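Subject: Structure handover

Hello,

Here is the structure I promised to pass on. Please open it alongside this note.

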Amino acid sequence: LGIYSENSTSLDISKNRIRDMKEDGIQLKNSTSSSISGNSINNCNGSAISLLDSSYDVSIEDNTLDNSEWGIEGINATSLAISNNAISNSSIDGIYLKDAASSSISGNQIQDCVRSAVVLFHSSNVTFTANTLVDNKWGIYSKNSTFLVVEKNTISCNSHIGMQLWNMFSGDIRGNIVNGNEAVGILLLESGLDTKIFNNTVNGNGGGGIKIAGSGDTLIAGNLLDSNKGPGISLCAESQEFEEYFEDANHCISNELIENTVTASANASEIYIGEGSVGTVLKGNVAADEEDDQLLIDNQSPTTSISSGNVPNFAF
């Protein structure tokens, strides 16, 4: 370990150069009201910065973290402020938080991580704002997390999914740019319940724009989607591709699609409502394509409500 502290308060760890560690660069256990800033940490066989065992009220800012297994790791840590760090070439993840709460992640540049730029497990009340995530495998991967806000981030050119949210409840996904990822732009699996996906720009993704599988009570509104390979927005589409995750991918209940603009989806409909979608509402959407498949509703999808405010008029 480069720097290790346990049961400490009001630490200021700043402007250090730490490299070639056999374990973590900086590790704090059960530490409170501390600051880690302006450090350069490279080539650690562990995390560049690790916060463990009920660490609380720690700020991590303006650090340069390169070529470690994880850039920043937080387990059972709360009230973290992770901002303006440059994290690159992590052999696993850029930022990994498990059992974290009441924390903010903002203004970070994370790139070239082997797995995910950001991972959240079993976390709640995390705000993720104005980060840039490029050239990783996943941009954001979240599982079993609640009350997330993902706002004004740029998530681009990742080799798999831009944003994968699995079993998430009460989330706000708004104002993000999710472009040029090789698989789906935004994917919800078994999520929903007061989740909103609105005012995002989702363009040129290789597996479709916004895909909802096994989710319900989700509002998808005001998004701009263009030139995705696959449906711009899809509910319960091609659920067989998710069988490795869970069995009920084709249950999509009480989702609303309001005032989205979807254009130029390649070889697919602009909006797809698949088998198992129940209680879907479409209102004020604009779907434009040279082909004649702007809206495709599976014959077995019941109780879809289609307003005459859509363009073209889908109410057939």
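Below is what was found in it, one topic at a time.

First, the ground rules. This is a predicted model, in which local features need pLDDT of at least 70, side-chain atom pairs count only at pLDDT 80 or more, and totals for chains, interfaces and linings use all residues. Residues are numbered from 1 along each chain as its sequence is written, and side-chain values use heavy atoms, with hydrogens and water left out.

The cores

A nonpolar core here is a set of buried Ala, Val, Leu, Ile, Met, Phe, Trp, Tyr and Cys residues joined through side-chain atoms within 4.5 Å. Buried means under 20% relative accessible area, exposed over 50%, and partly exposed in between (1.4 Å probe, protein chains only). The largest nonpolar core has 55 residues. Ile36, Ile95, Met163, Ile186 and Ile210 touch the most other members. Apart from it lies another core, of 12 residues, including Tyr96 and Leu187.

Ile210 sits in strand S28 (residues 210-213). Strands are DSSP runs of E, at least two residues, numbered from the N terminus. Ile210 counts as buried because its relative accessibility is 0%. Leaving aside neighbours within four places in sequence, its contacts (heavy atoms within 4.5 Å) include Ile186, Ile197, Val202 and Ile220. Ile197 is 13 residues from Ile210 in sequence and 9.1 Å away in space, C-alpha to C-alpha.

The cavity

How many cavities of 30 Å³ or more does the structure hold? It holds one. A cavity is a set of points, on a 1 Å grid over the protein atoms alone, where a 1.4 Å probe fits but cannot get out; lining residues have an atom within 4 Å of a point. Points are joined across faces, edges and corners, and the volume is the space filled by probe spheres set on them. The largest cavity contains about 50 Å³ of space.

Its lining is Val118, Leu120, Val126, Phe128, Ile140, Leu148 and Val150. By class, that is seven nonpolar, no polar and no charged residues. Nonpolar covers Ala, Val, Leu, Ile, Met, Phe, Trp, Tyr, Cys and Pro; charged covers Asp, Glu, Lys and Arg; the others, Gly among them, are polar. Strands S16 (116-121) and S17 each supply at least two lining residues.

Phe128 belongs to S17 (residues 124-129). Phe128 is buried, at 3% relative accessible area. Not counting residues up to four places away in sequence, Phe128 touches Ile105, Val118 and Ile140, among others.

The rings

The structure holds four aromatic pairs. Rings of Phe, Tyr and Trp (its six-membered ring) pair if their centres lie within 6.5 Å; planes under 30 degrees apart are stacked, over 60 edge-to-face, and the rest tilted. Phe121 and Tyr141 make an edge-to-face pair, 6.1 Å centre to centre with 75 degrees between the planes. Phe121 lies in S16 and Tyr141 in S19 (residues 138-143), so the pair ties together parts 20 residues apart in sequence. Tyr141 is buried, at 14% relative accessibility. Ring pairs link Trp70, Tyr96, Phe121, Trp138 and Tyr141 into a cluster.

Two backbone angles

Asp112 is not a glycine, yet has a positive phi of about 60 degrees. Asp112 sits in the loop between strand S15 (109-111) and S16. Asp112 is partly exposed, at 34% relative accessibility. Asn125, also not a glycine, has a positive phi near 55 degrees. Asn125 lies in strand S17 and is partly exposed, at 41%.

Best wishes

Methods: Helix = DSSP H or I, 4+ residues; strand = E, 2+ residues; numbered from the N terminus. 1 Å grid on protein atoms, 1.4 Å probe; cavity = no way out; pocket = protein on both sides within 12 Å on 5 of 7 lines; lining within 4 Å.
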